[in-house]
Amino acid sequence: MARKKQQDASVLHGHHVVSGPELRATFEAGGDADDTARVRRRVLHAVVLVVLIGLIVAAIITALAIIDGRLRIPAAEPAEETATSCPTATFDYTPHEKINLNVYNSTSRPGLARSVADEFLARKFVVGAVSNVEASYRGVAAVVSGAAGQSAAFSVQRNLQGSDYFQDGRTDGSVDVILAQDYGALAPPELVDQTPGTLSCPRESRRVADDDKWPVMPSAAPAP
């Protein structure tokens with residue numbers, strides 16, 4: 001009678017049966033991995049704690065040094081004030097017949113430059129160019145001259161109350177008047193103050209940021 005073939009105990013229905021030693025080895029390997037992760041976390045926590053303690057200690061030392069005067073924090077310097085470009089000199093009132101004047105209209109009112117020029121003529125000003133211009137200036141009127149015409153511009157402003165003075169690079173003594181939308185009328189001749197005074201530049205923030213400081217560029221060149 002033939003003997004039956006001894007069956008392998010590690011195989012059951014074609015599947016491997018895990019033995020006790022193999023199961024223990026698996027758990028021991030997993031335990032080693034958990035232990036390694038725990039050690040890494042503890043090291044990381046220790047490093048973070050040391051850094052935080054170091055920062056706190058450094059902050060305390062810095063604060064004590066500031067209190068004792070051993071460490072000074074530089075104070076912020078105040079911003080420099082923008083220097084005014086308005087002339088500060090005091091001018092005498094210039095006789096009208098010595099003032100060469102150009103009149104420009106930047107408003108939508110037709111004939112304004114001509115009518116105002118006629119009023120200046122009636123007051124004995126010497127009127128040259130009379131024209132309409134495109135202007136970004138907003139206000140009563142811009143009075144423009146070079147350095148040589150500042151005294152004349154001062155006299156013009158006394159007749160044109162509320163106007164803003166601007167200086168450009170011209171070398172002659174001529175003065176430009178650029179009428180804007182807020183213009184109403186010239187000061188009555190009998191009320192014009194002819195005592196010495198200074199030019200009026202109340203709207204310096206409206207100045208054009210260039211060397212000439214023109215509030216507008218007239219389409220017609222000023223008369224020489």
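**Note on the predicted model: salt bridges, sheet, cores and disulfide**

1. The side chains of aspartate 168 and arginine 170 meet in a salt bridge, at 2.8 Å from N to O. A salt bridge here is a side-chain nitrogen of Lys or Arg within 4 Å of a carboxyl oxygen of Asp or Glu. Aspartate 168 is buried, with a relative accessible area of 6%. Arginine 170 is also buried, at 15%. Buried means under 20% relative accessible area, exposed means over 50%, and partly exposed lies in between (1.4 Å probe, protein chains only). A network of salt bridges links Asp168, Arg170 and Asp176.

2. On the basis of the values: this is a predicted model, where local features need pLDDT of at least 70, side-chain atom pairs count only at pLDDT 80 or more, and totals for chains, interfaces and linings use all residues. Residues are numbered from 1 along each chain as its sequence is written, and side-chain values use heavy atoms, with hydrogens and water left out.

3. Overall make-up. The chain has three helices and seven strands. Helices (H or I, at least four residues) and strands (E, at least two) are DSSP runs, numbered from the N terminus. Along the sequence the pattern is β-β-α-β-α-β-β-α-β-β. Of the 224 residues in the chain, 32% are buried. Take the contacts between residues at least 6 apart in sequence: 76% of them join residues at least 24 apart. Contact means heavy atoms within 4.5 Å.

4. The other salt bridges. A search of the whole structure finds four. Side chains of opposite charge can pair when their charged atoms come close. Aspartate 118 forms a salt bridge with arginine 114, with the closest N and O atoms 3.2 Å apart. Both residues lie in helix α2, four residues apart, about one turn of the helix. Aspartate 118 is partly exposed at 39% relative accessibility. Arginine 114 is partly exposed too, at 41%.

5. A link between distant parts of the chain. Arginine 158 forms a salt bridge with aspartate 193, the closest N and O atoms being 3.4 Å apart. Arginine 158 is in helix α3 and aspartate 193 in the segment after β7, 35 residues apart. Arginine 158 is buried, with a relative accessible area of 18%. Aspartate 193 is partly exposed, at 36%.

6. The sheet. Five strands form an open sheet in the order β4-β3-β7-β5-β6, with mixed pairing. Two strands pair if DSSP finds at least two bridges between them. Which strands stand at the edges? They are β4 (126-132) and β6 (164-167); each has a single partner strand, so one side of each is left without a neighbour in the sheet. Neighbouring strands are turned by 20° against each other on average, direction ignored.

7. Inside the sheet. β3 and β7 run parallel and are joined by five bridges. Asparagine 102 stands opposite aspartate 176 in β7. Helix α2 packs on the sheet and touches β3, β4 and β7. The direction of α2 makes about 155° with that of β3. Axes are lines fitted to C-alpha atoms, for helices over the stretch in contact, and angles run from 0 to 180 degrees between N-to-C directions.

8. The largest nonpolar core. A nonpolar core is a set of buried Ala, Val, Leu, Ile, Met, Phe, Trp, Tyr and Cys residues joined through side-chain atoms within 4.5 Å. The largest one has 31 residues. Leu101, Val103, Phe120, Val156, Leu179 and Tyr183 touch the most other members. β3 (100-105), α2 (112-122), β5 (141-145), α3 (150-159) and β7 (175-179) each give two or more residues to this core. Helix α2 gives the most, with five residues.

9. Valine 103 and the second core. Leaving out residues up to four places away in sequence, valine 103 touches Ala113, Val116, Ala117, Phe120, Ala129, Val130, Ser131, Val177 and Leu179. A second, separate core has ten residues, including Ala129, Phe166, Ile178 and Ala180.

10. The disulfide. The search of the whole structure finds one. Cysteine 86 and cysteine 201 form it, with sulfur atoms 2.0 Å apart. The cut-off for such a pair of cysteine sulfur atoms is within 2.5 Å. Cysteine 86 lies in the loop between α1 (20-68) and β3, and cysteine 201 in the segment after β7, so the pair ties together parts that are 115 residues apart in sequence. The S-S torsion is about 70°, so the disulfide is right-handed. Both cysteine 86 and cysteine 201 are buried.
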